[in-house]
There are 2 protein chains.
Amino acid sequence: MTVSALPLVPPAAEDPYVERVRDHVRTLPESGIVEVMNYGRSRPGMIPLWAGEGDIPTPAFICEAAAATLHAGETFYTWQRGLPELRAAIARYMARHYGVAPDPERYFVTGSGMQAIHVALAMVAGAGDEVIIPSPAWPNAAAAAQKTGARPVYVPFAYGPQGFALDHERLAAAVTPATRAIFLNTPANPTGFVATLDDLKAVLALARRHGLWIIADEIYGRFYYGHADRAPSFHDVMEADDHILFVQTFSKNWAMTGWRIGWLEAHPRLGQIIENLIQYSTSGVAAFMQRGAVAALDEGEAFVAEQIARARRGRDIVADALIGTGKVDLVKPPGAFYLFFGIAGREDVRSLGFTLVDEANVGLAPGTAFGPGGEGFMRLCFARGDAQLAEVSRRLVSWLERDGTAGAPTA
Amino acid sequence: MTVSALPLVPPAAEDPYVERVRDHVRTLPESGIVEVMNYGRSRPGMIPLWAGEGDIPTPAFICEAAAATLHAGETFYTWQRGLPELRAAIARYMARHYGVAPDPERYFVTGSGMQAIHVALAMVAGAGDEVIIPSPAWPNAAAAAQKTGARPVYVPFAYGPQGFALDHERLAAAVTPATRAIFLNTPANPTGFVATLDDLKAVLALARRHGLWIIADEIYGRFYYGHADRAPSFHDVMEADDHILFVQTFSKNWAMTGWRIGWLEAHPRLGQIIENLIQYSTSGVAAFMQRGAVAALDEGEAFVAEQIARARRGRDIVADALIGTGKVDLVKPPGAFYLFFGIAGREDVRSLGFTLVDEANVGLAPGTAFGPGGEGFMRLCFARGDAQLAEVSRRLVSWLERDGTAGAPTA
């Protein structure tokens, strides 16, 4: 089944003042996580695991690099494609970790990974177009596609005892003459799915066959729990002239969620177009933030390694505890930093989110916030310290043991 | 004459790789200022007056407010509509200077005034729509309209011995069934045009009659050289339920061009839609930058006053010197911080930009970068210190006196 409906109802569509807003913008969905956050955020002792961020502030060496140049007066307009020093630092980083030939002209600094997605989608999609997105998925990709006037087309993952997997037949069947792009997030939020090299080759072949763009969201690429420095990437299978746009962010690896800085990687021949799209949406990123980003790339590897090791421990602490109850449907994810699991007898995950706030003092996000295929699941972010996650495990296990409705897992 | 063509030719349209980019994005124009900037930026002793920014870095009290909270760890995701403290500070500022009832729910923090324009246009325009823009104009508004898939429709200002004026007949004649919005910048870049209260009433009446949005770009409102604290504003003539979206920026008043922070002012009933558009394009503005912005609003009035006084002196220094030569067509602008003037016998302003770099060591922007009506004009930014502008005057006067082609002004 191919589904294109967005998960939430539009706000205030009957208001005559608001009706003068374009339809595809007026009906953009509100984040489905906000509801439970608003419900729970002020509870004493609440442990909030609903958002996609850790609990560690940005390391001091990054903040200091930014503050030094801010105080030195680097407060003027800067390069629309990003500081040459930062583009070079990104090229070095990508060469080290992904084996990409170090060409700074491939990299464009953006005001968040979200803006990289916005720019990528603006290039490839508009009114009348379709963008294919495997789901459940981080909802912002579909919403950003809708914002261009295009129609997001969700294609559910297959789900079984091994967890989530791409359903290549469904993907191929979803392609229509209006399809312009496939948006693939791997490792994936919220499912923890990690595409294999064979998956990537198959998606690339499909895109080549139909002349589609691929928007590759590999922002969790380093958060990989297999036997390698990183997850498989389109960089491993692509040719130079493939139509692939990579979106990236400083948010996760370097604990910079609040900074709003990322990058877009694209064929250098798109350079002027991307520069124009940045110019006409935000006109660049503060140079002083970019100095912090240079420090992150050049001096941050020990921090990244510790972040990943911590996430792996966090995954095991909570997943082992929950699996031990026999009351959850949970496959340990091979990547990203989320558990995405079902609780037997608890199909209504929207109300389950409120219940867990009230009865376990733990904040999780309902799977329904992530589109078709998310029904029956809860998302838990494990990018936190061991002690706090041990406490989370105690609270959830205790609640599961008290919960009369939870029986054997239904898989 | 109504003109809708954008000023520059599209880049690399024949490249088969690039042809897979959506037409309205592939053909976005490159900034027409960049060419002369690239030509001149490395000349020793060059005085660059081509960009729309001054020469003073952000004041220390603003930088310190930002750095303090950055070091304190305020580096996590934040409110999509902006920090409550900043929205309240904007409301106080707007109440003080514009008499707007202080309601923080009217204000939405954006990652630049440019992003405020992007969000405003995304709400009101898309494929098949038209947006009316008096011209010459700062080119980013038209390009941002085109980016949505809409068609920017330029309506030239009238020009005469008193300078630039809105041509209300032409404006009314430009409205078609496809028109969705009028974008009005006052005080205006590059012309220095300032709308009178009667102008604003007439534009508002036109918009009401046809059910159009107004996007009001009043970012230079405080840079006004009449006998008032600020230029006339749509705030002076509107009713609460008028469809007006105000775009604003911290860039000019507080010397924060490089920060990329501004705000959108809109009816609170648009709140959820605007929050969604921010969420799905950049997902907010760094909280530490917002702390700097609070300091700017609450403690920056003396700095703003000095900036405006300095700009007024700068305007007089250069304008008086140039007018004294009898070889320029220049009306002293009542607002903003640009001179927009013609030089007799020098119609080809693109090549004149290069000539002035070579022969006067001064960098000006060609009027052709600002759309129809800009032909024959050069733009000079006078937001700089007296001594430097006196030197600019000497260089330009000396060049004009040497210039064999410059005769009497042609007005």
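Select chain A and consider its contacts between residues at least 6 apart in sequence: 73% of them join residues at least 24 apart. Two residues are in contact if their C-beta atoms, placed from the backbone, lie within 7 Å. The model is predicted, so local features need pLDDT of at least 70 and side-chain atom pairs count only at pLDDT 80 or more, whereas totals for chains, interfaces and linings use all residues. Residues are numbered from 1 along each chain as its sequence is written, while chains are lettered from A and ligands numbered from 1 in the order in which they are written.

**Chain A as a whole**

Keep chain A selected and display its secondary structure, which comprises 13 helices and 15 strands. Helices (H or I, at least four residues) and strands (E, at least two) are DSSP runs, numbered from the N terminus. The radius of gyration of chain A is 21 Å, close to the 22 Å that the globule rule gives for 411 residues, so chain A is as compact as a globular protein of that length. The radius is taken over C-alpha atoms, and the rule is 2.2 Å times the number of residues to the power 0.38. Along the principal axes, the C-alpha atoms of chain A fill a box of roughly 60 × 50 × 50 Å. Of the 411 residues in chain A, 58% are buried. A residue is buried if 20 or more other C-beta atoms lie within 10 Å of its own, exposed if 12 or fewer, and partly exposed in between, with C-beta atoms placed from the backbone.

**Where the chains meet**

Next, show both chains. Their contact takes 67 residues from chain A and 68 residues from chain B. On the side of chain A, the elements giving two or more residues are helices H1 (23-26), H3 (60-71), H5 (113-124), H6 (139-147) and H9 (271-279). H5(A) gives the most, with six residues. This side of chain A divides into 32 nonpolar, 24 polar and 11 charged residues. Here Ala, Val, Leu, Ile, Met, Phe, Trp, Tyr, Cys and Pro count as nonpolar, Asp, Glu, Lys and Arg as charged, and the others, Gly among them, as polar.

**A helix pair in chain A**

Select H3(A) together with helix H10 (residues 287-299) of chain A; they pack at an angle of about 145°, with their axes 7 Å apart. Axes are lines fitted to C-alpha atoms, for helices over the stretch in contact, and angles run from 0 to 180 degrees between N-to-C directions. The residues making the contact include A:Phe61 and A:Ile62 of H3(A) and A:Phe288 and A:Met289 of H10(A). The contact divides into 12 nonpolar, two polar and two charged residues.

**Two helix pairs in chain B**

Move to chain B and select helix H11 (residues 301-324) and helix H13 (residues 386-402), whose axes come within 9 Å and cross at roughly 15°. The two helices are therefore roughly parallel to each other; angles under 35 degrees count as roughly parallel, over 145 as roughly antiparallel, 65 to 115 as roughly perpendicular and the rest as oblique. Among the contact residues are B:Ile317 and B:Val318 of H11(B) and B:Leu389 and B:Leu396 of H13(B). Nine residues of this contact are nonpolar, two polar and two charged.

Then select helix H5 (residues 113-124) and helix H9 (residues 271-279) of chain B, which pack at an angle of about 120° with their axes 10 Å apart. H5(B) is thus oblique to H9(B). B:Val119, B:Ala122 and B:Met123 of H5(B) meet B:Ile273, B:Ile274, B:Leu277 and B:Ile278 of H9(B). This contact has seven nonpolar, no polar and no charged residues.

**Backbone details**

Most residues other than glycine have a negative phi, and most peptide bonds are trans. Select B:Ser135 and B:Pro136: the peptide bond from one to the other is cis, with omega near 5°. B:Pro136 lies in the loop between strand E3 (130-135) and helix H6 (139-147) of chain B. Another cis peptide bond joins B:Thr186 and B:Pro187, with omega about -15°.

Continue to B:Ala188, in the loop between strand E7 (179-185) and helix H8 (197-210) of chain B. B:Ala188 is buried, with 29 other C-beta atoms within 10 Å.

A:Ser112 has phi near 115° and is buried, with 28 C-beta neighbours inside 10 Å. B:Asn361 has phi of about 55° and is partly exposed, with 17 C-beta neighbours inside 10 Å.
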